[in-house]
Amino acid sequence: MGLITAIGDSAAKNRMALSLGKCGISTLELFPSKYANSLPCGEIKIGTQILAQKLNATEPGITRTTLLALHAFEEAILDSKLTVEQLSSFDTALIGASTVGGMCLTDELYMDAQKTENGSEYINSYDCSSVTMYLQQRYKMAGTISTINTACSSSANAIMYGARLIKNGLAKRAIVGGADSLAKFTINGFNALHILSGERCTPFDERRKGLNLGEGAAFIVLEREEDIDNKKVYAELTGYFNSNDAFHPSSLSDEGFGPYLSMKGALDSAKLTPADIGFINAHGTGTENNDLVESRAMLQLFTTPPPFASTKSNIGHTLGAAGAIEAVYSLLNLHYQELYPGLNFSQPIAETGLMPVDLYTKTTLQHVMSNSFGFGGNCTSLIFSKS
Amino acid sequence: MPMFYIHQTSCISPQQTFDSVDISVLHQPVEHKLKVIEPVATGIPMGTLRRMSKAVRMGVMAALPLLQDGTEPAGIIIGTANAGMEDCFYFLKQMVDYNEGLLTPGNFVQSTPNALASQLSMLKQNHGYNITHVHLGLAFENAMTDAGMMIKENPRNNYLLGAVDDIPSYNYILNSLAGWFKKEPFALEDLYTLQTPGSIAGEGTAMFLVNGNPEDAIAQLRAVETIHTEEEEAVKQRLKYFLEKNLINGEEIDVLITGENGDSRLLHYYLACEEMMPHTTGIARFKHMCGEYPTATAMALWLGCYILQKNPVPSHIIKKSFSKKNCKTILIYNNYKGGQHSFILLSVPGCF
């Protein structure tokens, strides 16, 4: 596995920061926006040029989103010791996810769209698939390649699709994940919806004021159980389910039908009961709507929900990357048998009374659920189990 | 075992493919673009319709006839590269025009490519599997693979499978800047003979109701194969492997539908695949009907089903003639921008 977020540029650094309850949400520094000072974000404080040099990816037309993806991808490859031959083999799938893609270059895109000739170097890089396509080209990958965009559940669905490719014999291994970088486009979009907080977000708190956007990328290498041999294994993906809330383009239904169905479906697919889940890595964006609805759905399914928390209080909402980043966090939970504290929590939501984990805890964990819910009602839950 | 059986099809394209299908007469491009003939929108609440972008609107209109009579698919599986892009640019423009000021969120909410799949789930109160593949020229191929896996996992379920892409004006500009459309004016009839770089911009949507039941099916989708490469030899090798793997002993392709699009830089891929077919195989083309866009293979699949149903085949699609009576197996080969290639194999149901 590999990841990069506002609290670290590797899985190890992320684990350390999570354990210490570090928050990477701060003032925007790397690109100009009217909201740089008023809307804090989970920004990775490494400039795009420096990232490009570090990764030896200085060809024209590469966007920040692609660089973040490459960073996480390379760590995952190194960690899993995949060979060049394995990477370029017919039976290695690559499933990426992004919602911003090359749209992080908002101004360049706007300029290009006014031109009649001499497009910029980014002319073929604006769409979401350009991120996956760069990885495919760089590593000459020849298996099934896809890019998924189901808004904020995109990379959870990338993980699910990759797992199903393996299960159905269409791939021997799948490298799955997602990437998104901060963009004026998303900052203004979420701001127009009035769901961005001017302070650090407070998931599941009664007085929560909205979400903070973040950026990052994560990739996971999935392999079949029979191919494991003596390779390093973090956990087993035992359950997944995708369901649509079918209610509203940008908010969840009051009763949380979609979240309930995706969590329930994931349990059924893993052949587990609610009592088997030891921790829920909640979607927990910190918005009025999400946290209340997710709490209701957890109460409905679990009656007494297991310990839960949202790492969005550490890194912000990384949109299309969130499902994959939080999947890596779930793997860390399981592998090291520990829970990381949700930050900035003080008062439970009056209606539900649910309190997220707010202390670093050593524990015994067998199954962890990770939730991702997106615009358009796209809800996906994954279950990882100790192998 | 085929991947799935196709039971119903629906297509909105620049030709008369919706309602009463008549593709004998070619509709011509407008301002160098092959634009869809949009049907009058019915069956969508006015408030919802008003907020829909063109891509979402035409996708919904194409899908609705397949969801009548209480048909409730267990999932909605969409491939698209551009759906949402129109709203994306409207929002971008708002943002620049008002210097990141007070903006209305409508365009932003509709700007995500999953707008079509989610809009369909909302209209039909469908809580099933809901996914949007956006991998450019292979978005629809991945949607087909996904649907195939879903049906293998849940053989009794119906799924709505489809694709949509339109030509938002900004997207047309970007693709023109990148040299993907011919700059010179030309007659549609000359698309394949000009031998110049670039194709013609197009758009369209096709929807399919698919399941694992061969009874009364229109066609069986036997296999899909994709490859990313710019090497002609690698494409040929993959085609050889695909045919060896999927054709039954002695079986031949009756018709090869190619995505030949008039771009002189891409022609060699199509000719290479044509040369690998036996002399009995007929060849058909379709990009003069719908233009070039990332999910054009959905239109090709619709056309394949149309041919397998023994409908009248217009001469304008024929590059090399074939026996319409005995057409049982069709291969579709397409490439998008030279780097993304796909092979799709379909047959009449029950013959293999």
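Guide: Between domain 1 of chain B and domain 2 of chain B the count of salt bridges is zero, a salt bridge being a side-chain nitrogen of Lys or Arg within 4 Å of a carboxyl oxygen of Asp or Glu. This is a predicted model, in which local features need pLDDT of at least 70 and side-chain atom pairs count only at pLDDT 80 or more, while totals for chains, interfaces and linings use all residues; side-chain values use heavy atoms, with hydrogens and water left out. Residues are numbered from 1 along each chain as its sequence is written, and chains are lettered from A and ligands numbered from 1 in the order in which they are written.

Domain 1 of chain B covers 4–211 and domain 2 of chain B covers 219–347, with bounds from an automatic or database domain assignment. Their C-alpha centres lie 21 Å apart. To the contact (heavy atoms within 4.5 Å), domain 1 of chain B brings 52 residues and domain 2 of chain B brings 40 residues.

Together the two domains of chain B bury about 3800 Å², 64% of it on carbon and sulfur atoms; buried area is the accessible area (1.4 Å probe) that two parts lose on being put together, summed over both. On the side of domain 1 of chain B, the residues B:I23, B:W180 and B:Y192 lose the most area to domain 2 of chain B, together 19% of what that side buries.

The salt bridges of chain B that follow are described one at a time. B:K54 and B:E203 join their side chains in a salt bridge (2.6 Å, N to O). B:K54 lies in helix 2 (residues 54–63) of chain B and B:E203 in the loop between strand 6 (201–202) and strand 7 (204–211) of chain B, so the pair ties together parts that are 149 residues apart in sequence. Here helices (H or I, at least four residues) and strands (E, at least two) are DSSP runs, numbered from the N terminus. Both B:K54 and B:E203 are buried; buried means under 20% relative accessible area, exposed over 50%, and partly exposed in between (1.4 Å probe, protein chains only).

Another salt bridge links the side chains of B:K93 and B:D97 (2.8 Å, N to O). These two residues are four residues apart in helix 3 (residues 85–97) of chain B, and therefore B:K93 and B:D97 are separated by about one helical turn. B:K93 is partly exposed, at a relative accessible area of 33%, and B:D97 is partly exposed, at 44%.
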